[in-house]
Protein chains: 2
Amino acid sequence: MAVAGQRRRRKEERPGEIVEAAFEEFARAGFAATKLDDVAARAGITKGTIYLYFPSKEDLFLATVREMNRPSQENLAALTAAPQGSAMAILRTHFAFVYAQMVEDRRAREILRMLMAEVSRFPDLADRWRAEVIGPAVENLRRVVRYGIERGEFRPSAAEEFPHLLFAPVIMACTWRLMFGDDHALDGAAYLEGHLDLMERGLAQGEG
Amino acid sequence: MAVAGQRRRRKEERPGEIVEAAFEEFARAGFAATKLDDVAARAGITKGTIYLYFPSKEDLFLATVREMNRPSQENLAALTAAPQGSAMAILRTHFAFVYAQMVEDRRAREILRMLMAEVSRFPDLADRWRAEVIGPAVENLRRVVRYGIERGEFRPSAAEEFPHLLFAPVIMACTWRLMFGDDHALDGAAYLEGHLDLMERGLAQGEG
DNA sequence: CCTTATTGACTGCCTGGTCAGTTATTAGTA
DNA sequence: TACTAATAACTGACCAGGCAGTCAATAAGG
């Protein structure tokens, strides 16, 4: 067995390790300012090795974003199940999960930052992200709203056309934390509760 | 009088022209990827001239962000006047203005993008922005919510602690447009109307 | 000993920043 | 008004350093 710190042949693990290191560096410095030497150092290899697995810096960036998106894509499937019970209860569960995923988890936030920063360099990346991740998420949310309306639980509202309005506080919290850091983050539990409360009142059938 | 296209001495106008050109380039390419030669070309001068007015690329970036923030800062003052009439009416006017300012105006959106992309490089920039621009805006919104509660128009809600929740759809629309382009922008008027409608229902005193 | 994953020194290009020189402008003089 | 001198805004050629990408040499594994 090879000694740690020495050269080892690891064809299988390398790409994942490189992407992992690349994510940290891209998130820290942005695409242009990231040095492949630093990525390599973080992965415990040298720059040359990166080029055995990725043809260019741009390709490495693309691979990184795709890889980091995978968990949320996979989790989305579970949420698309046929709704039952109170629509509001579904929304509660849904948003509790989404908060944990997008606001609390640093990686998801950093992906948002990276995409926003680099869309002009990779226009098709944003398109794919919308088509594969965001679009379905919006559609899923819309389905729950419709379900609530059919059930007589919700009134008809703009939330049916723009489920984005319901999702907005998540993006707000995400952006806030990205910009002002963990120290100034909005209090997670209270904020989520407030979000759900306002949403419930906003959507509810009421006052006759 | 000097002929157009020839060298001219313009000590007064230069800084503004350079900042203007820098904004376009920074917005297009981000901080690291922006070339000062391009900025100079856009401003109709050469790189050397930039260094007569700004000591470094970083200083130019800072000056650019500050300059672009100025209009929204100045407009904010006008909105902080003593509230009167329906609180909801104030919110309507307020958000109509904010939409025009932040969602429709490309420059404000690009500022958001630039700040998000580069905050890690300029931590004090984010701090100042929060202290000077965002903080007062949140406070202003909170004042209107309190006014509405005192008036018996609004119920007590999380919007008092987190006015962010009311502002969130603006950030959402802003972010959406930044990422997916003008072609996929959310329909401005209908979206704003939906935002206001949900907000009104969410905040309103009602159902006894 | 053969294969191949990995290295690390090397290249060429790019770009932030410099500075000696150039030219428009203004002030001074007649 | 015409000419000259002094000033300083502006230029552009020029470094110096950094970094993406290359490749011949090396060493681990079978």
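## Basis of the description

Because the model is predicted, local features need pLDDT of at least 70 and side-chain atom pairs count only at pLDDT 80 or more, while totals for chains, interfaces and linings use all residues. Residues are numbered from 1 along each chain as its sequence is written, chains are lettered from A and ligands numbered from 1 in the order in which they are written, and side-chain values use heavy atoms, with hydrogens and water left out.

Chain A has 10 helices and 0 strands, where helices (H or I, at least four residues) and strands (E, at least two) are DSSP runs numbered from the N terminus. Of the 208 residues in chain A, 49% are buried; buried means under 20% relative accessible area, exposed means over 50%, and partly exposed lies in between (1.4 Å probe, protein chains only). Among contacts in chain A (heavy atoms within 4.5 Å) between residues at least 6 apart in sequence, 71% join residues at least 24 apart.

Leaving aside neighbours within four places in sequence, A:Phe95 is in contact with residues including A:Leu141, A:Leu166, A:Phe167, A:Val170 and A:Met199.

## The contact between chain A and chain B

The contact draws 50 residues from chain A and 50 residues from chain B. Between them the two chains bury about 4500 Å², 74% of it on carbon and sulfur atoms; buried area is the accessible area (1.4 Å probe) that two parts lose on being put together, summed over both. A:Met116, A:Met179 and A:Arg201 supply 17% of the area that chain A buries against chain B, more than any other three residues.

Between chain A and chain B, 8 residue pairs are in polar contact, both residues being at pLDDT 80 or more; a polar contact is a pair of N or O atoms within 3.5 Å, and within protein one must be able to donate a hydrogen and the other to accept it, with residues adjacent in sequence counted only if both atoms are side-chain atoms. On the side of chain A that touches chain B, at least two residues each come from α1 (14–29), α6 (106–118), α7 (123–150), α8 (158–161), α9 (164–180) and α10 (188–203). The most is given by α9(A), with 13 residues. By class, this side has 32 nonpolar, 9 polar and 9 charged residues, where Ala, Val, Leu, Ile, Met, Phe, Trp, Tyr, Cys and Pro count as nonpolar, Asp, Glu, Lys and Arg as charged, and the others, Gly among them, as polar.

## Pairs that join the chains

Side chains of opposite charge can pair when their charged atoms come close. Across the interface of chain A and chain B there are 2 salt bridges, a salt bridge being a side-chain nitrogen of Lys or Arg within 4 Å of a carboxyl oxygen of Asp or Glu. A:Asp197 forms a salt bridge with B:Arg155, the closest N and O atoms being 3.2 Å apart. Because A:Asp197 lies in helix α10 of chain A and B:Arg155 in the loop between α7 (123–150) and α8 (158–161) of chain B, the pair joins two chains. A:Asp197 is partly exposed, at 25% relative accessible area, whereas B:Arg155 is buried, at 7%.

B:His184 is placed in the loop between α9 (164–180) and α10 (188–203) of chain B, and it counts as partly exposed at 35% relative accessibility. The side chain of B:His184 makes a polar contact with the side chain of A:Arg130 (3.0 Å). Neighbours within four places in sequence aside, B:His184 is in contact with A:Arg130 and B:Trp176.

## Salt bridges within chain A

Over all chains the count comes to 39 salt bridges. In one of them, A:Glu20 pairs with A:Arg107, with the closest N and O atoms 3.2 Å apart. A:Glu20 lies in helix α1 of chain A and A:Arg107 in helix α6 of chain A, so the pair ties together parts that are 87 residues apart in sequence. A:Glu20 is partly exposed, with a relative accessible area of 33%, and A:Arg107 is partly exposed, with a value of 27%.

The side chains of A:Arg121 and A:Glu118 also meet in a salt bridge (3.6 Å, N to O); here A:Arg121 is partly exposed at 31% relative accessibility, whereas A:Glu118 is buried at 9%.
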